[in-house]
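The structure comes first, and the notes follow by topic.

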Amino acid sequence: MALFVPHYALAKRLGRTELRSEAATVGALLDEIRALVPPEEWRASLRAAILVNGRHIHYLQGMKTPLAADDEVWMVFPSSGG
Amino acid sequence: MKSLTATYLEVDLTSGGSSARPVPSEVVELYLGGRGLGARLLFDSTPPGLDPFDERMPIIFSVGPLTGSAAPQSNRFVVTTKSPATGAIADSHCGGSFATKLKKAGFDGVIVRGRSPRPVYLEIKDGKAELKDAAHLWGKGTVATQAALPASFGKAVIGPAGENRVPFACIVSQNRIAGRTGTGAVMGSKNLKAIIADGSAATFERDEAFKELQKEVTEFLRSHPMTGQILPTLGTANLVMTCAGRNIIPTRNFQKGHDRRTPELAGERMRDELLIRKDGCLSCPVKCGRHIRLGKGEGKGPEFETIGLLGNNLGIFDMQTVAELGELCDDLGMDTISMGGVLGFATELTERGLLNSELAWGRVEAYHEAIEATARRSGLGAELAEGTRALAKRRGGEEFAIQVKGLELPAYDPRGCFGQGLEYATNNRGGCHVRGSTMFLEATGPVSIDPHSTAGKPELVVFQQDMNAAVSSLVFCYFASYAVLPAFAFKLEASSAAYRLAMAAASRATGPALWLAMRMKNPAQLLWFEKFLSAAWGRRVGLGEFMRAGARIYNLERLYNLREGMSGSADTLPRRLLDEPTFPGAKAGVPLADMLRRYYRVRGWDSEGVPTPATLRRLAIRS
Ligand code: SF4
């Protein structure tokens with residue numbers, strides 16, 4: 001089962017800092033999560049980067065990126081500083 | 001045209017004498033101020049091979065051409081000398097009020113040489129300098145030292161670590177820190193506890209056009225997602241979740257790229273659970289500093305680097321504990337990045353049986369004691385105080401000693417941002433992230449120029465380093481440059497066609513576009529930096545001239561390092577970061593060699609990393 005780590009606000013909404021999922025792809029996993037929150041709250045999440053094992057899904061197979069048992073999927077927002 | 005000269009105060013601690021030293025306008029025009037002028041003065045005023053602790057070694061404090069103007073993020077100063085940590089050029093930047101106060105005292109900088117026979121502090125007031133007895137301050141922390149000095153003055157002070165010449169000792173001004181490269185140790189070697197400044201000189205003549213520009217840029221920074229929202233609301237700790245998700249936050253001495261508990265250190269949690277108020281430098285609309293609740297009351301909220309190196313890296317996941325360790329380092333006068341790096345390395349040495357110590361991941365008491373001992377060079381601290389590189393020489397483990405040119409690495413593991421790895425390897429002051437912050441464009445920002453590709457990275461790193469050299473010679477805070485990316489980039493939905501298009505374009509076009517841009521004499525003013533400089537100088541400065549100044553400064557620093565015996569072979573990364581993968585499917589770490597060859601070519605250096613005569617001519621560098 002893949003591990004999903006939501007961004008901070010989403011984690012608060014879900015009441016959990018991580019979730020397990022048996023979804024086969026990133027797209028399927030996000031569908032599962034989206035079903036747990038109201039649409040207006042989900043909208044903010046669309047700007048988050050989706051990372052699988054640290055890699056942006058843009059450089060993998062996008063929403064079709066397959067997920068394996070130990071994969072970690074993170075949702076994070078742009079940041080900077082130093 | 002306005003005057004382009006800069007006036008430094010020169011002080012000889014051995015003789016006690018002082019005098020004003022004007023810097024000619026042709027030098028100012030080439031090197032701008034701050035970092036650039038500091039580098040030129042250091043290069044010209046020291047013989048090759050001078051030891052950082054030789055009494056002839058100058059320590060140079062410089063402000064910029066906009067200091068005192070109240071231009072946003074311009075009230076900072078730079079300290080330049082030779083680093084006892086690296087043997088390379090040292091320059092360290094700091095906020096607080098000291099820069100403006102020094103300018104009000106009548107100077108654009110201070111050059112301190114010699115060694116006082118007893119502890120002193122330097123008071124600069126309305127054009128006059130006086131050395132005062134500091135026996136009562138010696139041994140005191142930076143907080144008590146500042147409290148004991150006259151309140152109205154701007155201050156730059158050291159703690160016990162500087163007095164004890166710890167090579168990563170810092171200089172503190174209010175609660176802002178000139179952290180990196182050990183400038184505090186050079187100050188300590190001179191028996192100079194503090195410099196304080198105040199005065200009533202006019203600092204900057206602001207006409208209506210300037211005020212308009214100031215207003216416009218302030219409003220822009222306030223409205224930009226990065227400088228108007230993310231940094232102000234979360235501080236630099238906004239980076240924690242992103243770096244964890246990106247698998248690039250140091251974990252157990254860079255053995256891994258994140259920990260399951262990393263989210264406990266999120267900036268969002270600090271905001272929701274601990275924040276009392278925002279804090280920051282004079283005339284900065286961003287205010288990225290934090291003031292938070294601590295167990296003992298309240299204090300400084302940790303910066304991302306402190307969280308990364310003294311927290312996550314050491315297996316400490318309690319924000320208040322990390323804050324307290326950070327405050328301890330600040331008070332003792334030590335860089336939290338290097339201290340965290342040394343402790344991480346020493347812990348792994350201990351784990352492998354190469355060092356006998358109490359250090360273990362997450363063992364807060366042991367780390368607390370080790371920090372105290374390092375500043376005082378007592379017990380285990382005597383070894384830790386020599387830094388990671390020296391510790392590896394003595395105890396072994398060079399392949400996992402996480403330092404470049406002797407400077408411990410900050411909190412971005414370059415195995416997840418190859419350009420940042422190239423930047424670490426080539427930075428003139430060693431393993432540092434704020435000489436270009438390439439990771440922002442690869443991994444942490446809204447666009448992500450493929451972090452695991454080498455394409456275009458040499459061009460990107462050169463561009464970023466040159467831009468940074470110019471910006472930090474003004475002396476603007478480099479965080480402003482995060483607003484260079486247009487606001488719409490932050491609004492793109494990460495799975496949208498527009499985002500995919502932007503990413504593809506950025507990944508393919510960055511290298512060639514920057515290559516071209518760096519060769520053009522672009523007269524346009526695209527950023528606010530050139531506009532402010534134009535206002536200060538009273539003549540138009542275009543982006544091309546500004547970037548060429550950055551390249552000149554960067555190359556001069558390189559020449560200094562070469563002169564001091566640091567060759568191209570120092571442009572490398574620790575073996576762990578080159579060889580050990582942290583990403584599933586990867587066979588190694590950062591593919592540095594290919595990027596480095598191209599980087600030298602883009603810079604106009606030969607295959608040994610030496611600037612060619614043609615490059616020096618093109619940039620009008622006198623060596
Ligand atoms: S952004 Fe932060 S570090 Fe930079 S000038 Fe403002 S308060 Fe200081």
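In the residue classes used here, Ala, Val, Leu, Ile, Met, Phe, Trp, Tyr, Cys and Pro count as nonpolar, Asp, Glu, Lys and Arg as charged, and the others, Gly among them, as polar. By these classes, the second largest cavity is lined by twelve nonpolar, four polar and two charged residues. The model is predicted. Four cavities of 30 Å³ or more turn up in a search of the whole structure, and the ligand sits in the largest cavity.

**Largest cavity**

- The largest cavity holds about 780 Å³ of space.
- Its lining is made up of 42 residues, and those nearest the centre are Gly82(A), Arg76(B), His93(B), Ile177(B) and Phe479(B).
- In chain B, strand 5 (89–94), strand 11 (176–178), helix 11 (304–311), helix 12 (319–332) and helix 13 (336–351) are the elements that give two or more residues to this lining.
- Helix 12 of chain B gives the most, with four residues.
- By class, the lining of the largest cavity has 15 nonpolar, 15 polar and twelve charged residues.

**Second largest cavity**

- The volume of the second largest cavity is about 120 Å³.
- It is lined by 18 residues, of which Arg47(A), Ala49(A), Pro78(A), Gly445(B) and Pro446(B) are the closest to its centre.
- Helix 18 (438–444) and helix 20 (488–491) of chain B are the elements that give two or more residues to the lining of this cavity.

**Ligand site**

- Around the ligand are Gln73(B), Arg76(B), Arg176(B), Gly280(B), Cys281(B), Cys284(B), Val286(B), Lys287(B), Cys288(B), Cys477(B) and Phe479(B).
- Arg76(B) and Phe479(B), both in this shell, are also among the residues nearest the centre of the largest cavity.
- The shell around the ligand divides into six nonpolar, two polar and three charged residues.
- The ligand lies between domain 1 (6–198) and domain 2 (234–396) of chain B, because both domains give residues to its shell.

**Arg389(B)**

- Arg389(B) belongs to helix 16 (residues 387–395) of chain B.
- Is Arg389(B) buried, partly exposed or exposed? Its relative accessible area is 29%, and partly exposed covers values between the 20% limit for buried and the 50% limit for exposed, so Arg389(B) is partly exposed.
- Arg389(B) and Gln403(B) lie 14 residues apart in sequence, and their C-alpha atoms are 6.8 Å apart in space.

Terms used:
Residues numbered from 1 in each chain as written. Chains lettered and ligands numbered in written order. Predicted model: local features only at pLDDT ≥ 70, side-chain atom pairs only at ≥ 80, totals over all residues. Heavy atoms only, no water. 1 Å grid on protein atoms, 1.4 Å probe; cavity = no way out; pocket = protein on both sides within 12 Å on 5 of 7 lines; lining within 4 Å. Points joined across faces, edges and corners; volume = space filled by probe spheres on them. Near = heavy atom within 4 Å. Sits in = over half its atoms within 2 Å of the grid points. Domains from an automatic or database assignment. Buried < 20%, exposed > 50% of the residue type's maximum accessible area, 1.4 Å probe, protein only.
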